[in-house]
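Subject: Structure handover

Hello,

Here is the structure for you to look at. My notes follow below it.

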Amino acid sequence: MAKRSLIIQGARFGDLVQTKRLIVSAGANRKIALVADARLKELAAIIYPDTEFYGINFHGAPSREGVIENSTIFGELREQDFAEIYNCNFSPLTTSICRLFPEDKIINYRPARDSAGGISRGPWARLIFRLSRFRKSTPLNIAYFWGWLAPFPNEGKKINPVAIPGGKGLG
């Protein structure tokens, strides 16, 4: 069976699109499963047709049915054997999803080892956040941040066409 990677993207539409470099790069030699907001399922199917999708109710207070749906998906995820889990969001919910897996498989944001239940940034995230304090001299795009979580990221220009006026490209 081919190795699989899980990408957790708990943000919204724009972030789902900007995760493409990571999804394509990590998926170069693996199958990719994506956890994202359930309302983005149809869009994710268009952008990432070869990606297995798990829709979680990330935003707002979920209904009773939403909590049951999330619990069911958490159970399904726990049963999976992912080679690595990329957590793209500094959020309590995405970090809680990471608790379903062995710590050594989690890349980027992970549960803190202390008993307070906080979130720990991986080395790449720590560096980026230090650099982001100087945004005028280090203009970093979040797509590059996520893309470089993969061991061998594809060039950005190979993922999305160069943005040009007139609607011909991402930007």
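Is Asp81 buried or exposed? Asp81 is exposed, with a relative accessible area of 59%. Bear in mind that this is a predicted model.

Salt bridges next. The count comes to 4. Asp81 is in one of them, where its side chain meets that of Lys105 (3.0 Å, N to O). Lys105 sits in the loop between α5 (92–98) and β5 (106–108), and Asp81 in the loop between α4 (64–79) and β4 (84–87), so the pair ties together parts that are 24 residues apart in sequence.

Arg4 pairs with Glu52, and their closest N and O atoms are 2.7 Å apart. This pair links distant parts of the chain, with Arg4 in strand β1 (residues 4–9) and Glu52 in strand β3 (residues 52–56), 48 residues apart. Arg4 is buried at 9% relative accessible area. Glu52 is partly exposed at 34%.

Arg39 and Asp37 also form a salt bridge (3.0 Å, N to O). Here Arg39 is exposed at 59% relative accessibility, while Asp37 is buried at 4%.

Now the nonpolar cores. The largest has 21 residues, and Ile7, Leu16, Leu22 and Leu34 touch the most other members. At least two residues of this core come from each of α2 (20–26), β2 (31–37), α6 (123–131) and α7 (142–147). Leaving aside neighbours within four places in sequence, the contacts of Ile7 include Thr19, Leu22, Leu34, Tyr86 and Cys88. A second, separate core has 16 residues, among them Ile8, Phe58, Phe82 and Cys98.

Best wishes

Technical notes: Residues numbered from 1 in each chain as written. Predicted model: local features only at pLDDT ≥ 70, side-chain atom pairs only at ≥ 80, totals over all residues. Heavy atoms only, no water. Core = buried A, V, L, I, M, F, W, Y, C linked by side-chain atoms within 4.5 Å. Buried < 20%, exposed > 50% of the residue type's maximum accessible area, 1.4 Å probe, protein only. Helix = DSSP H or I, 4+ residues; strand = E, 2+ residues; numbered from the N terminus. Contact = heavy atoms within 4.5 Å.
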